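This briefing is meant for a reader who is meeting the structure for the first time.

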Amino acid sequence: MIPEYVTDTHALVWSMYAPSRLGNAAQQAIAATDAGAARIHVPAVVVAETLMVVERGRLSGITLAHLLPRLEAMRTSDNYRLAPLLPDVVLASHTLTAIPDIFDRLIVAEALHRGTPLISKDTVIRRSALGTTVWDS
């Protein structure tokens, strides 16, 4: 059985456009996924946030024309899997009150639902100790 992860938005964006910003453990998880030795689940809310980041021009020089094919490729990838937003995950997210942001709650709830670590640098998520995170260790 191969290791599986869920990714946070910044981890996905940085893996595509600024991999040097990733922590060592995050880099290793992504490298293993790229090599076919691991799998990363990309929650629907992460896809939506990624699109929003690009639409708002927060990534210099990156356009939707560049991003969309990369996201579309995940539909058929064995290594990166798009995860739908399931009602069970949404309902479970209401208990994660240590995390104030609804999008972060949904991402953490997805990782908990799957029983996988979350690739995230987010200090609020990491301090909440609501699940296992992968970044520097």
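This is a predicted model: local features need pLDDT of at least 70, side-chain atom pairs count only at pLDDT 80 or more; totals for chains, interfaces and linings use all residues.

Helix 1 and helix 3 pack with their axes 9 Å apart, at an angle of about 60°.

**Helix 1 with helix 3**

- On the side of helix 1 the contact is made by Thr-9, Leu-12, Val-13 and Met-16, which meet Val-46, Glu-49 and Thr-50 in helix 3.
- Sorted by class, the residues in this contact of helix 1 with helix 3 are 4 nonpolar, 2 polar and 1 charged.

**Helix 3 with helix 4**

- Helix 4 covers residues 64–73, and helix 3 packs with helix 4 at an angle of about 165°, their axes being 10 Å apart.
- Because angles over 145 degrees count as roughly antiparallel, helix 3 is roughly antiparallel to helix 4.
- The crossing of helix 3 and helix 4 is right-handed.
- Helix 3 brings Val-47, Thr-50, Leu-51, Val-54 and Glu-55 to this contact, where they meet Leu-64, Leu-67, Leu-68 and Leu-71 in helix 4.
- The contact of helix 3 with helix 4 holds 7 nonpolar residues, along with 1 polar and 1 charged.

**Helix 3 with helix 6**

- The axes of helix 3 and helix 6 cross at roughly 140° and come within 9 Å, and the two helices are therefore oblique to each other.
- Val-45, Val-46 and Glu-49 of helix 3 make the contact together with Phe-103, Leu-106 and Ile-107 of helix 6.
- By class, the contact of helix 3 with helix 6 consists of 5 nonpolar residues and 1 charged residue, with no polar residues.

**The largest pocket**

- The volume of the largest pocket is about 250 Å³.
- It is lined by 13 residues, of which Thr-9, His-10, Glu-49, Val-53 and Arg-58 are the closest to its centre.
- Helix 1 (9–17), helix 3 (44–55) and helix 6 (102–114) are the elements that give two or more residues to the lining of the largest pocket.
- With 4 residues, helix 1 gives the most to this lining of the largest pocket.
- The lining residues of the largest pocket divide into 6 nonpolar, 2 polar and 5 charged.
- Glu-49, which is among the residues closest to the centre of the largest pocket, also takes part in the contact of helix 3 with helix 1 and in that of helix 3 with helix 6.

**The largest cavity**

- The structure holds 1 cavity of 30 Å³ or more, and about 60 Å³ of space lies in the largest cavity.
- The residues that line the largest cavity include Val-108, Ala-111, Leu-112, Thr-116, Leu-118 and Ile-125, and among them are also Ser-128, Leu-130, Gly-131, Thr-132 and Thr-133.
- At least two residues of the lining of the largest cavity come from each of helix 6 and helix 7 (123–128), and helix 6 gives the most, with 3 residues.
- By class, the lining of the largest cavity has 6 nonpolar and 5 polar residues, and no charged ones.

Conventions:
Residues are numbered from 1 along each chain as its sequence is written. Side-chain values use heavy atoms; hydrogens and water are left out. On a 1 Å grid over the protein atoms alone, a cavity is a set of points where a 1.4 Å probe fits but cannot get out, and a pocket is an open set with protein on both sides within 12 Å along at least five of seven lines; lining residues have an atom within 4 Å of a point. Grid points are joined across faces, edges and corners, and a volume is the space filled by probe spheres set on the points. Ala, Val, Leu, Ile, Met, Phe, Trp, Tyr, Cys and Pro count as nonpolar, Asp, Glu, Lys and Arg as charged, and the others, Gly among them, as polar. Axes are lines fitted to C-alpha atoms, for helices over the stretch in contact, and angles run from 0 to 180 degrees between N-to-C directions. Contact means heavy atoms within 4.5 Å. Angles under 35 degrees count as roughly parallel, over 145 as roughly antiparallel, 65 to 115 as roughly perpendicular and the rest as oblique. A crossing is left-handed if the near helix is turned anticlockwise from the far one by less than a right angle, and right-handed if clockwise.
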